[in-house]
Amino acid sequence: MIDASAPVSATTERVVAELRKRSAFVMVSHVKPDGDTLGAGLALGLALKRLGKRVHYFQQDPVPRNLRFMADTQYVSREIPADLPEDALWVFCDMSNAARAGEFLPKLERKNILDVDHHLGNEHFGELNYVLTGECSTGTCVMHLLRALEVPVDADIATCLLTTIMTDTGGFMHSNTTPEVLQLSAELMRLGANKEEITQEIFANKRLAALKLLGRALDEATVEQDGRYIWSYVDDAMLAQCGADGEDTEEIVNHLRSVEGVEVAALFKHFDGEIRVSLRSSGRINVQAAAARLGGGGHFRASGLTYVGALRGAVSAVEEALKAEGL
Ligand code: AMP
Ligand code: MN
Ligand code: MN
């Protein structure tokens, strides 16, 4: 049955008409950026520049070390140029709401917002919302736009796009790796995407500090629900002990999820004065719905939220939310 209340995505043609009409753009990525939010924005930005448009990149956080191989990352910053035209289009990539861009984002008029995303529960916060929840990455949403724009995809753009796919499919391992995704990836490699570099930078470039931190988090892991639920945490003290920083925490939750018999893994990241929770599911429990109960969001199998309060409270609130979703 068609859900008449579900918001409808703008058509590719409508979005492309808007992209052609505007002359200046700001590509916006989310806080704690990953290869999808940044790669999608860079790919679209590079393509728009090829069409003679003016493009800036807004990102509150610095570009993570392992994403600096993508073209144009040297232009990514939280500064907004003073002479930016008033009718610049702000293109939010890979986020369900504008708050995910962080508090440094200037106040924007809705008519200047394009929301390009693939998250379930996207809040359609733009004037135009290109939200394709069946896509594996925001980058593949951008691919549809580039095709309709008829802008040639060069090797730099192809590398950004393949980065979005490899990031959000976990290197072609997650269930969103469909035959179509593999076909698109093959096409990007033919266009010159540097798969070797992406693999090296994103999956094989771990700092020893990150592996030490993983070891600490595994030591602290708690298994519950007859092995179906596993959770752990990292805090400021553990980061300091290992000489690690926030970027070194990204992969830990996936290791927890890979434990035999686990249906849901949770990692509580308690540092820099906040608690961010990463949730991963092996496919039975909808962790997007669980995160949404606590103000977060994401996808069926990968979601996150920020909890205000103490770690103990976060642990029990997340467990309650997961139980409400059938854990
Ligand atoms: P992470 O665990 O940080 O890799 O995030 C997994 C997924 O959850 C990503 O798709 C994020 O966009 C989403 N997500 C993470 N944190 C939040 C949050 N605070 N609010 C909404 N979505 C989030
Ligand atoms: Mn993302
Ligand atoms: Mn994504």
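In sequence, the residues that donate to the manganese ion (ligand 2) follow the spacing H-x3-D-x59-D. This is a predicted model, in which local features need pLDDT of at least 70 and side-chain atom pairs count only at pLDDT 80 or more, while totals for chains, interfaces and linings use all residues. Residues are numbered from 1 along each chain as its sequence is written, and side-chain values use heavy atoms, with hydrogens and water left out.

The donors to ligand 2 are His-30 (NE2), Asp-34 (OD) and Asp-94 (OD), at 2.0 to 2.3 Å. Donors here are N, O and S atoms within 2.8 Å of the metal (3.2 Å for Na, K and Ca); water is not among the atoms, so sites may look incomplete. Asp-94 also coordinates the manganese ion (ligand 3), which lies 4.0 Å from ligand 2. His-30 is buried, at 3% relative accessible area, whereas Asp-34 is partly exposed, at 25% (buried is under 20%, exposed over 50%, partly exposed in between, with a 1.4 Å probe and protein chains only).

Oxygen atoms of ligand 1 lie 2.9 Å from a polar side-chain atom of His-119 and 2.6 Å from one of Ser-278. A polar backbone atom of Gly-304 is 3.1 Å from an oxygen atom of ligand 1.

Notes:
Chains are lettered from A and ligands numbered from 1 in the order in which they are written. A polar contact is a pair of N or O atoms within 3.5 Å; within protein, one must be able to donate a hydrogen and the other to accept it, and residues adjacent in sequence count only if both atoms are side-chain atoms.
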